[in-house]
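Please look over the sequence and the 3D view before reading on.

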Amino acid sequence: MQIPPLGRRLPAVVHDFASYLPPIDAALDSRMVQHYGLEEWSRMRRALVTPPSHTCLRVNTLKAEAKGVLKEVDAWIDDYYRERFSSTNNDDAQTEAEVRSPPPPPRPYLHPMPPLSFDTIIIPSLPPQTSHSFPLLSSSSSSSTSHPKPFTVVVDRLCGEAVLRGADVFVRGAWSASPGIHPGCRVLLLMDLHRQSQRGCLYSDYEGEALLIGQGTAVVSRTELFTATKGLGIRVTHRVGFQAPPFNGLLPGVIFPQNLPSLLVGHVLSPSAGSSVIDLCACPGGKATHLVSLMRGKGLVVACDRSRKKVKELKALSEVMGMSSCLCPLVLDSTHAVLPKTLRRARTLPSSQPPALVAATPRDKDDLHAVEGFYPETFDHVLLDPPCSALGLRPRLSVPTTASDLDAFVLFQQQFWWSAVFLLKVGGSMTYSTCTINPAENEGMVRFALDTYPCMRLVPAEPRLGKAGSKGVEGEGLTEGERGMVQVFLPGEGRREGEDRLDMSGFFVAKFEKVKSVFEEEEGKEEKEEERENMGEGEQGKR
């Protein structure tokens with residue numbers, strides 16, 4: 001697109017959000033066309049660039065009831081939009097039409113379907129805007145001298161994608177900026193796409209490829225944008241796409257922003273109070289903390305991750321949410337979460353159960369339990385949401401993933417299944433989920449699990465989110481009945497199908513039950529091996 005002259009040299013390329021599609025690996029593109037067809041894949045690619053048309057908040061029911069929180073959120077939204085469209089507080093940040101006739105604020109509501117109705121708040125976004133509605137662009141192109149030239153700030157991709165979901169700009173997200181930025185000045189917001197320039201460079205020296213995403217008001221100076229380690233940097237007043245409010249600092253420990261399909265996972269697993277659960281890939285902690293809420297803070301949720309930094313952040317989150325007594329964050333490689341085979345026969349020891357094992361282990365320098373692993377078949381429930389290609393996340397303004405990366409993710413995810421199956425009790429349940437639309441990581445992984453671990457049985461992933469949770473795709477080895485048991489969410493599908501379907505990100509969830517012990521299978525294999533060896537010896541005797 002052409003941006004009106006701003007008195008500064010522009011980057012090499014500034015894309016218009018309305019027409020932008022990120023480049024994609026040709027082999028990956030071919031695979032998606034093969035799975036979904038050209039028309040459907042083209043529709044999904046466009047949807048992946050845009051944020052969903054709503055925000056979903058999960059209520060921490062250990063601290064508050066959803067109905068009471070809904071009233072607080074509703075009142076906050078009224079106050080936010082009243083200030084947002086105030087003609088006395090806009091400093092020309094709003095369009096004349098918005099000041100003259102502001103749109104009614106969106107009305108949040110509880111999700112209508114139990115059990116989500118007990119902890120899930122949906123906030124519709126205001127209708128989408130384009131960059132043509134930004135007052136800074138219209139004023140800078142005017143011949144009037146009453147409007148100073150706007151400053152420009154470039155943010156990194158993760159920050160930019162968060163802005164499109166309704167967030168403000170925090171200082172850690174700033175990448176490049178014009179000189180002279182000071183608190184109260186108005187700025188255009190661009191999102192860097194490829195990190196070709198150095199962080200902190202002047203906008204006049206910026207040579208990257210960028211996307212125009214919004215405008216806002218600076219809260220700090222340019223110097224603080226790049227020297228401060230935390231804090232709000234720019235308050236966003238306009239953004240392209242759907243207009244969602246920011247929830248910075250609103251009801252800390254009480255609400256948790258979470259995509260609706262991701263929130264569904266906890267309800268599908270549905271652990272009861274007093275259960276023992278292990279989340280093998282827990283950080284940042286949305287699903288793990290949800291499980292604690294569903295268990296009413298009674299029992300044990302072990303939350304594993306290899307990153308000590310992430311686990312420490314999860315520990316801090318659990319303290320804010322009042323879950324420290326039930327949630328146990330661990331620095332643990334989940335592919336090696338089962339204790340060695342030499343200790344398996346000690347399953348009858350009192351310390352073999354996860355709560356006793358955790359309680360008996362010392363804490364390290366970060367006050368984290370130093371657990372090396374768990375005994376087989378000691379958890380009531382297992383949650384496996386492994387690292388994936390994340391092709392369902394929205395908005396996605398850069399897709400560096402290649403077809404070979406998809407193959408690598410499949411092999412990596414398979415490594416978690418051994419631990420998941422061995423740790424689950426007989427009769428226990430397990431959920432498997434991803435935030436990708438790659439069938440090989442979804443339906444293909446279900447097929448792998450059923451073929452590799454006969455002790456696991458696929459069961460319906462319920463509750464089902466109406467029509468939004470559709471059947472799995474064909475061609476990945478699942479039967480018609482098996483495809484009907486999983487739930488698949490395709491990006492943007494709700495907007496295409498009608499108002500009864502929420503506009504969601506891409507996601508997948510499946511549920512399993514363990515019908516027999518893994519040790520029965522091992523013993524059976526050993527018996528068959530001995531039988532084959534005996535038969536071989538008998539044949540040699542005959543000769």
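The notes below cover confidence, a pair of helices and the cavities.

This is a predicted model, and the protein chain has a mean pLDDT of 87. Helices α1 and α12 cross at roughly 70°, and the structure also holds four cavities of 30 Å³ or more.

**Confidence**
- In the protein chain, 85% of the residues reach a pLDDT of 70 or more.
- Residues 1–9 have a pLDDT below 50, yet beyond near neighbours in sequence this stretch has 29 contacts in the model.
- Residues 496–500 also fall below 50 in pLDDT, and there the model has three contacts beyond near neighbours in sequence.

**Helices α1 and α12**
- Two packed helices are described by the angle and the distance between their axes.
- Helix α1 spans residues 26–36 and helix α12 spans residues 403–423; their axes come within 7 Å.
- Since angles of 65 to 115 degrees count as roughly perpendicular, the crossing at roughly 70° makes α1 and α12 roughly perpendicular to each other.
- From α1, the residues A27, L28, R31 and M32 meet A403, L406 and D407 of α12.
- By class, this contact has five nonpolar, no polar and two charged residues.

**The largest cavity**
- The volume of the largest cavity is about 100 Å³.
- Its lining is made up of P22, I24, W41, R45, L48, L391, R396 and V399.
- Sorted by class, the lining of the largest cavity has six nonpolar residues, two charged residues and no polar ones.

Terms used:
Residues are numbered from 1 along each chain as its sequence is written. This is a predicted model: local features need pLDDT of at least 70, side-chain atom pairs count only at pLDDT 80 or more; totals for chains, interfaces and linings use all residues. Side-chain values use heavy atoms; hydrogens and water are left out. On a 1 Å grid over the protein atoms alone, a cavity is a set of points where a 1.4 Å probe fits but cannot get out, and a pocket is an open set with protein on both sides within 12 Å along at least five of seven lines; lining residues have an atom within 4 Å of a point. Grid points are joined across faces, edges and corners, and a volume is the space filled by probe spheres set on the points. Ala, Val, Leu, Ile, Met, Phe, Trp, Tyr, Cys and Pro count as nonpolar, Asp, Glu, Lys and Arg as charged, and the others, Gly among them, as polar. Axes are lines fitted to C-alpha atoms, for helices over the stretch in contact, and angles run from 0 to 180 degrees between N-to-C directions. Helices (H or I, at least four residues) and strands (E, at least two) are DSSP runs, numbered from the N terminus. Angles under 35 degrees count as roughly parallel, over 145 as roughly antiparallel, 65 to 115 as roughly perpendicular and the rest as oblique. Contact means heavy atoms within 4.5 Å. pLDDT is the predictor's confidence in each residue, from 0 to 100.
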